[in-house]
Amino acid sequence: MNIPKTSYPRIIIIGGGFAGIALARKLSKQEVQVVLLDKHNYHTFQPLLYQVSTGGLEPDSIAYPIRKILKDFPNFHFRLAEVNEIDTTCNTIKTNIGDLKFDYLVVASGSKTNYFGNTEIEKHSMAMKTIPQSLNLRSLILENFEEALLTTDLHERIALMNFVIVGGGPTGVELAGALAEIKKGILPKDYPDLDTRLAQINIIQSGGCLLKGMSENASAKAEDFLEKLGVHVWKNVRVTNYDGKTVTTNSDLIFDTATVVWAAGVQGATIKGLDAKDFVTRGNRILVNQCNQVKGFEHIFAIGDIACMATDEFPNGLPMMAQPAIQQGQQLGSNILKLIEEKPMKPFEYKDKGAMATVGRNKAVVDLKTLRFQGVFAWYVWMFVHLFFLIGFRNRMVVFVNWVYNYIRFDREARLIIRPFKKKFKL
Ligand SMILES: Cc1cc2nc3c(=O)[nH]c(=O)nc-3n(C[C@H](O)[C@H](O)[C@H](O)COP(=O)(O)OP(=O)(O)OC[C@H]3O[C@@H](n4cnc5c(N)ncnc54)[C@H](O)[C@@H]3O)c2cc1C
């Protein structure tokens with residue numbers, strides 16, 4: 001791997017997401033050697049992936065080169081690599097570019113889509129966890145409209161213009177809202193020959209409310225916003241299968257559709273060596289103590305989505321969100337330094353700053369610790385927070401200018417099929 005030898009302790013971080021980057025930033029100024037490995041050479045700002053999928057933003061405005069984030073630190077080394085195995089006996093990781101020994105290891109590999117074992121759904125539906133997946137979805141949406149324009153079969157046209165989103169969390173809600181805005185603002189302009197009334201957006205939620213985990217007000221208001229945008233909200237309905245043509249559910253409801261977006265769950269992206277039952281708990285997450293140590297090890301840690309840290313408030317583990325990931329990364333930085341100095345580590349305490357989701361133009365819901373609000377002001381707050389947490393001045397500027405432009409022009413200029421995603425659809 002061509003990592004220089006040093007007298008400093010070597011800390012390997014697997015994953016350059018919110019958690020891994022926060023940790024690397026904290027440690028790279030210290031007398032330690034930090035090696036960060038990621039299978040992508042960029043950090044992805046996942047909360048805005050849905051805007052890439054729906055042509056609101058170009059992918060490069062929500063991605064940032066990992067090397068650039070940490071370029072000023074001489075003790076920091078990045079390698080583009082996929083970690084395949086962790087050998088906890090020899091303190092070594094095995095990757096597609098070679099093996100490397102560690103003094104301390106931090107697993108920050110995040111999460112992946114959870115299909116709950118349904119391979120048919122996994123094969124035929126679209127996920128939205130990475131930039132390539134979002135670009136696939138963007139292409140598919142646009143290709144469907146192109147095909148709908150050509151087909152003479154009305155049933156097929158309806159299915160091509162029927163969108164089913166499974167999962168009523170923030171990802172599902174935000175995507176449904178964006179698709180509804182495409183139907184209203186883009187379809188009539190780009191496809192005047194298509195009957196835009198045929199475009200239907202459905203969001204299916206197995207539970208009794210959208211945005212589970214947020215307040216009742218936020219959930220009700222998000223549903224109200226979506227319905228006003230013409231989205232069909234199906235609650236207490238569980239999707240049982242999708243064979244590439246038809247979605248079946250546990251009720252009489254079925255949907256003929258060319259596009260199913262699966263936003264119904266995530267699970268920890270575990271790595272061989274730390275994936276056995278001894279380490280992994282609910283949602284395939286690695287069980288950690290209050291100092292993020294993996295059971296049985298003093299020098300191996302997990303942070304972010306992959307880590308399951310149970311607290312009184314969150315007995316099933318902290319939420320799989322950016323804030324716990326960032327806070328754990330920052331705190332673990334201090335704790336590893338304490339461990340090296342043989343001082344006691346400080347247990348992690350999650351500072352819950354609240355949650356928010358946007359449904360579309362002027363429509364968002366915000367739950368802060370003491371204040372809850374919805375509507376236009378919430379939308380401004382949502383935009384400000386997302387701009388603030390984006391990495392890189394250029395990205396912030398590009399996203400801001402895009403949002404202003406889209407707001408004034410009712411437009412989404414990135415509706416481009418750059419990389420065709422060929423999914424043959426025939427009813
Ligand atoms: C569509 C979407 C919308 C979201 N919206 C919000 C939101 O509005 N607010 C919010 O708080 N949270 C949101 N989240 C959740 C939030 O993005 C995650 O909680 C957060 O990214 C977790 O950070 P992490 O560092 O643990 O993992 P990630 O950010 O997922 O980073 C993990 C990194 O590890 C790398 N990796 C994984 N396995 C390996 C391996 N074997 N070898 C090398 N590299 C590897 C990956 O390439 C990735 O870069 C959203 C998530 C998605 C998918």
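The largest nonpolar core of this predicted model contains 101 residues, and those with the most contacts inside it are Leu 48, Phe 76 and Leu 226. A nonpolar core is here a set of buried Ala, Val, Leu, Ile, Met, Phe, Trp, Tyr and Cys residues joined through side-chain atoms within 4.5 Å; buried denotes under 20% relative accessible area, exposed over 50%, and partly exposed the range in between (1.4 Å probe, protein chains only). Helix α7 (residues 170–190) supplies the largest share of this core, nine residues. Helices (H or I, at least four residues) and strands (E, at least two) are DSSP runs, numbered from the N terminus. A second, separate core comprises 30 residues, including Ile 14, Phe 102, Val 280 and Phe 297.

When residues up to four places away in sequence are not counted, Phe 76 touches Ala 24, Ser 28, Val 34, Leu 36, Ile 66 and Leu 70, contact being defined as heavy atoms within 4.5 Å.

Phe 116, although not a glycine, has a phi of about 50°. This residue lies in the loop between β10 (111–113) and α4 (119–124), and its relative accessibility of 57% classes it as exposed. Asn 362, likewise not a glycine, has a positive phi of about 65°. Its place is in the loop between β23 (355–360) and β24 (363–367), where Asn 362 is partly exposed, with a relative accessible area of 23%.

Residues are numbered from 1 along each chain as its sequence is written. The model being predicted, local features need pLDDT of at least 70 and side-chain atom pairs count only at pLDDT 80 or more, while totals for chains, interfaces and linings use all residues, and side-chain values use heavy atoms, with hydrogens and water left out.
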